Each structure stands twice: as C-alpha cells, then as structure tokens.
Amino acid sequence: MEARKYRRIVLKVSGEALAGEAGHGIDPIVTESISKEIAAVADNGVEVAVVCGGGNIWRGISGSAQGMDRASADYMGMLATVINGLALQEALEQIGASTRVQTAIEMRQVAEPYIRRRAIRHLEKGRIVIFAGGTGNPFFSTDTTAALRAAEIEADAIMMAKRGTDGVYDADPQTNPDAKMFDSLTYFEVMRRQLGVMDNTAITLCMNNHIPIIVFNIDTPGNILKASMGERIGTYIGGDENV
C-alpha cells in the first residue's frame, strides 16, 4: 500500500470526461478506464466520493440560452448527472468495487436519497459513493455540488479531473501557444483573474471551509491515483499558507 496524504476526497468527473473523444453520450471504454483508476484509489485506503457532471447529455445553461425556463433546464441537467452516476456505478461494480449512488432528487427505484450521515458511513466502510442530481436545486452548478458535498462530508480535498488540460492556465492553451500553467494558486487569485476553474460560489465554499482543489488531466493514465496520494501534479489551489 502506498503512503497517502488524503484520507477522504471528492472527485469531480465532468460529463465530457465520460463522453471521451465523441464529446457526447457515454463512452463505455473511457468509463471503464476511469472506474479502474477510482477503484485503485479506494484500494489504497482513500475514501472516495464522486460528483458527476452532465454536460455530455444536457447543459441547463445551454437550454436556458435557447429560451427554456432556467429552472426546468437545470432540473433536466440534474437528471443527466443521475444517468452518468448510474453508468459509473455499473462500470465500478463490473470490476468488483462496492458502490452507492445517492441523489439529491429522490428516485428510490435507482438510488438512495442523499443523506449526509449515511454517505459518511458508506465511505467509512470503504464504499465508493457517487453523488448525483446536483444540489437538488436549480441555478447551482455541479462544481458547487462538489464543493458543498466536500464540506458536508469533511473531505480533505477536491480533485478536479479535466479533459484536455494539465491544469489551470493564464490563457486558453488551445488558442494561445504562450499560455502558462500555474503550479499553484490561491482562492482569491482564481476569483480575481476569473480563471474559470470553478464558479465563484464553489470557490467561495472551498475557501470558507479550507478545502484545497487539485486540477489535473484525467486523460493521463494514473493521474487520479497520483493526485489522491498527494503527488503534486496539475495545479494546486488553496489558502496563502498552503500554496
């Protein structure tokens, strides 16, 4: 067993990460690969909670931009995260991992309702807990869900697994070849520079609860395990005393 820095983490997996190269839907090969990495983290004694995005199926803010009622569009996005959560659960259990899906919107036929104490108990028993359904409220992103759940379950860090980027840059590296990646940032710097790592609500929640954020590339095999073991990869976001 490797030495570990973090006792309990929240892993934020975007919908786009589950879609793979197609950019939409769920790629079973990619989902299986991500699941194996998550299981490896749990096998190393780290308690793992996962928050799924839903952008590979539906984005509430995009529906709103097309004239749909924002609340209705956001509820549809929450249901998309449940689909992703169930797909991830199936992939994890296919490789022998013990999991639970908890949803912020009750749908007892497919998942448990989110109950904080029950989630913590599952984690303590070594189960991987997947939080789906967002916060259960419109107008909040799944980034905010990750920050909120991390605070509620007293996670040591949030792992932001991104596709196509190694960390946080001062400009878009795909359009600006001179863009430079940050090794570390403070919460205030992220908000002041408007770097788009998370929305400001999520960043503020992390700052107020002293939860560091590690942003890294999910496309590189082994990065989820490396980040959870405390290896400095990607970009570390925290308070002034930790950066």
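**Entry 1: a pair across the chain.** I looked up Asp-156 and found its side chain in a salt bridge with that of Arg-7, at 3.9 Å from N to O. A salt bridge here is a side-chain nitrogen of Lys or Arg within 4 Å of a carboxyl oxygen of Asp or Glu. This pair links distant parts of the chain, 149 residues apart. Asp-156 sits in the loop between α6 (142–152) and β6 (157–162), and Arg-7 in the segment before β1 (8–13). Helices (H or I, at least four residues) and strands (E, at least two) are DSSP runs, numbered from the N terminus.

The model is predicted, so local features need pLDDT of at least 70 and side-chain atom pairs count only at pLDDT 80 or more, while totals for chains, interfaces and linings use all residues. Residues are numbered from 1 along each chain as its sequence is written, and side-chain values use heavy atoms, with hydrogens and water left out.

Buried means under 20% relative accessible area, exposed over 50%, and partly exposed in between (1.4 Å probe, protein chains only).

Entry 2: I counted on: the structure holds 12 salt bridges. One joins Glu-152 and Arg-149, at 2.8 Å from N to O. Both residues lie in helix α6, three residues apart, about one turn of the helix. Arg-149 is buried at 4%, whereas Glu-152 is partly exposed at 23%.

Entry 3: Arg-163 forms a salt bridge with Asp-219, their closest N and O atoms being 3.4 Å apart. Arg-163 is in the loop between β6 and β7 (184–186), and Asp-219 is in the loop between β8 (213–217) and α9 (223–228). The two are 56 residues apart. Which residues make up the network of salt bridges with Arg-163? I found Glu-21 and Asp-219 linked with Arg-163.

**Entry 4: two helices.** I turned to α2 (residues 28–43) and α4 (residues 70–94). Their axes come within 9 Å and cross at roughly 65°. Axes are lines fitted to C-alpha atoms, for helices over the stretch in contact, and angles run from 0 to 180 degrees between N-to-C directions. I wrote down that α2 and α4 are therefore roughly perpendicular. Angles under 35 degrees count as roughly parallel, over 145 as roughly antiparallel, 65 to 115 as roughly perpendicular and the rest as oblique.
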